[in-house]
Structures are given as C-alpha cells and as structure tokens.
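Hi everyone, thanks for making time.

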Amino acid sequence: MLDDAPAAPSLVRPGADDLERAAEAALRPRRLDEFVGQRVVRDQLSLVLQAARQRDRAPDHVLLSGPPGLGKTTLAMIIAAELGTSLRITSGPAIQHAGDLAAVLSSLEEGEVLFLDEIHRLARPAEELLYVAMEDFRVDVVVGKGAGASAIPLALPPFTVVGATTRAGLLPAPLRDRFGFTGHLDFYDAGELEQVLTRSAGLLGVVLAPEAAAEIAGRSRGTPRIANRLLRRVRDWAEVRGDGSLDLAAARAALAVFEVDERGLDRLDRSVLEALCLRFGGGPVGLTTLAVAVGEEPETVETVAEPFLVREGLVGRTPRGRVALAPAWTHLGLPVPPSAGGDTLFG
C-alpha cells in the first residue's frame with residue numbers, strides 16, 4: 001500500500017500504523033552490518049558514512065526511495081547510530097506550514113540527523129524553506145507583516161536530512177538535487193526474507209523451523225514488514241492452538257486462519273481476481289465497475305490490491321480496463337481461456 005492510500009486491515013499490506021511500528025521497534029537492526037538485504041544500497045551507504053566519519057563532518061543528505069515496508073525508516077535510524085548522533089523524526093504530512101519546519105530545523109543540534117518520512121507530501125512553502133536549509137544551512141525567519149515584513153537569516157549547525165518516499169517521481173527536481181546520495185530499495189528475495197525471519201524469531205525468543213521460515217517468506221510479498229507480521233501471527237497460533245512449535249504445520253495453519261494463501265494473496269486480492277474471471281470473463285473491465293463488484297472504493301482497489309497483482313503477473317492494465325492474465329485463472333483453479341491477457345498492456 002502506498003503511504004497516502006487508504007488503510008486496509010490486512011496482514012499483507014506493507015503500510016503500518018503507530019501500534020505496529022512500536023512492535024517493529026524491537027526487531028529493527030541497530031547497525032548496518034546487521035541489516036539484511038539491499039546489498040548495493042548498504043554498501044554505498046557504508047562508504048558514505050565511513051568517509052563522513054573520517055572527515056569528522058556531517059555526511060551528504062540521503063534520499064531513500066522504494067515501496068513501503070522495505071526498511072527506509074530502519075536505515076535512517078542506522079545512519080544516526082553509525083554517526084553516533086541523535087535522530088529527529090517527522091513526516092511530510094506533519095509539516096503543514098513553513099513555520100512548522102522552521103521550528104524543527106532551528107532546534108537541531110550539530111551533526112543531528114533529521115528523518116523526513118513521506119517527504120513527497122511536504123507542503124510547497126515548506127519545500128522551499130528546506131531547499132535553503134539543506135544547501136546553505138540557514139532559515140529565513142520572517143518578522144512583521146505586510147510591507148514592513150523583513151526576513152532575518154538564522155544560521156543552522158551542519159545536519160543531515162534523510163528523506164524517505166514511496167513516490168520519488170513526485171519530488172520536485174530542486175529538492176531531489178539537494179540530496180547527495182539517493183538509494184532505491186528493492187523487494188527482497190525469499191532467501192533474504194528467511195534470514196530476516198530467523199533473526200526476528202531469535203529476538204522474539206522462539207525457534208522457527210527452516211521449513212516454516214521458507215513458507216512464511218514465500219507469502220510475504222518480498223517485504224520484511226509483512227514477513228515479521230506473519231511471524232508474529234504464526235507465533236500466536238502456535239502458542240494458543242498448537243504446542244508452541246513454529247514448524248511448517250503451524251505456519252500453514254496460522255496463515256490459513258488469516259486468509260493469506262500460498263502466493264501471499266489475501267481476501268481483497270482474491271475478490272478482485274474472482275470478479276475479473278467469474279463475473280467479467282477476464283475483462284477488460286473499468287476500475288470503478290471492478291471496485292463496485294468487490295465492494296470497495298476504486299482508490300482502494302487501485303492503490304492497495306492492484307500493485308501486487310500487477311507485479312505478480314495476475315492482472316494487466318489495458319487502455320480499456322483491467323484484465324485477468326493466464327496465471328490468475330490458474331491460481332483460482334480455472335481453465336485458462338484462449339483470450340486470457342486480452343489487449344496490449346501498459347504500465
């Protein structure tokens with residue numbers, strides 16, 4: 001789910017609320033060498049941070065982009081820890097006015113890291129203030145009103161902005177250009193997720209069988225946040241309905257209870273596929289019509305269910321609407337019609 005998409009109660013949505021973020025905190029790696037996956041970004045960041053430490057100065061500003069749940073917030077925390085400084089956390093939606101950002105910036109101490117989550121949602125006046133602060137380490141405080149107003153420059157100590165976004169394309173070019181390092185986080189493969197799960201199980205004080213780790217990883221949509229969420233639910237099932245063992249049988253039984261199938265699809269995903277295949281003959285069908293058929297808002301279908309279904313090759317987008325591709329029919333146990341796929345697809 002994209003950050004500004006409506007929330008959906010599901011175990012396989014990569015977004016997280018405040019309560020889940022608190023639960024995640026105990027599982028977050030503290031140092032860069034503990035961080036699993038993202039080898040290229042991890043190696044690049046290690047070089048940037050090591051160079052900054054050798055020069056005894058704040059590193060360049062860092063922009064982290066990629067889908068939610070892959071570790072952008074964790075990397076921001078690691079950057080602060082590796083630099084031996086504190087981390088100040090805020091987000092784009094929380095900064096409604098330039099004055100809000102000025103108050104945060106003016107309270108920063110030398111070398112501190114400012115983490116701006118969902119930076120693409122900053123208000124435009126705040127963006128313009130951030131340009132100057134990132135480049136010249138100053139903010140202009142406006143005193144007075146109307147024709148008598150004047151701007152007083154306020155010097156800031158050197159600091160590092162770490163911005164996180166799920167929609168890098170929405171960032172204006174002047175803001176993107178002020179980041180000295182940009183890292184894009186990709187989805188994890190099954191082996192990396194198994195490492196994440198094994199580490200998390202150890203921190204939770206449970207023993208996770210390798211077969212169970214592989215089963216959970218295969219249903220986690222390439223996202224560590226989802227993998228850890230499913231692990232906690234498997235632990236719950238094992239402790240309440242099982243014998244406490246997190247083995248393959250417990251993993252499969254728990255995920256069946258929570259309606260997460262072998263490909264990581266949940267109720268909404270399957271409803272979309274069933275509507276496309278059974279009600280509309282595979283499509284094409286318009287987004288609004290499809291949303292009505294599954295009892296959801298069009299925005300929910302488009303931003304919550306559709307990205308994963310498209311990425312998995314189950315659904316295609318065409319100029320005339322959504323279509324069910326051959327793997328969708330197979331996944332539902334239906335014969336694949338000759339026309340499966342329909343029109344020419346677009347992104």
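So, what volume does the largest cavity have? Keep in mind that this is a predicted model. The answer is about 40 Å³, and the count comes to one cavity of 30 Å³ or more.

Who lines it? That would be V272, L290, V301, A305, E306, L309, V315 and R322. Helix α13, residues 298-311, gives the largest share of that lining, with four residues. By type, the lining splits into six nonpolar, no polar and two charged residues. E306 and R322 turn up again elsewhere: together with E302 and R317 they are linked in a network of salt bridges.

Okay, on to salt bridges, of which there are 17. Take D269 and R221, with their closest N and O atoms 2.2 Å apart. D269 sits in helix α11 and R221 in the loop between α8 and α9, so this pair ties together parts that are 48 residues apart in sequence. Buried or exposed, that D269? Buried, at 0% relative accessibility, and R221 is buried as well, at 8%.

Now E34 and R199, which meet at 3.8 Å, N to O. Here we've got the loop between α1 and α2 on one side and helix α7 on the other, so parts 165 residues apart in sequence get tied together. E34 is partly exposed at 32%, and R199 is partly exposed at 25%.

Last one: R233 pairs with D236 at 2.8 Å. Those two are three residues apart in helix α9, about one helical turn.

How values were computed:
Residues are numbered from 1 along each chain as its sequence is written. This is a predicted model: local features need pLDDT of at least 70, side-chain atom pairs count only at pLDDT 80 or more; totals for chains, interfaces and linings use all residues. Side-chain values use heavy atoms; hydrogens and water are left out. On a 1 Å grid over the protein atoms alone, a cavity is a set of points where a 1.4 Å probe fits but cannot get out, and a pocket is an open set with protein on both sides within 12 Å along at least five of seven lines; lining residues have an atom within 4 Å of a point. Grid points are joined across faces, edges and corners, and a volume is the space filled by probe spheres set on the points. Ala, Val, Leu, Ile, Met, Phe, Trp, Tyr, Cys and Pro count as nonpolar, Asp, Glu, Lys and Arg as charged, and the others, Gly among them, as polar. A salt bridge is a side-chain nitrogen of Lys or Arg within 4 Å of a carboxyl oxygen of Asp or Glu. Buried means under 20% relative accessible area, exposed over 50%, partly exposed in between (1.4 Å probe, protein chains only).
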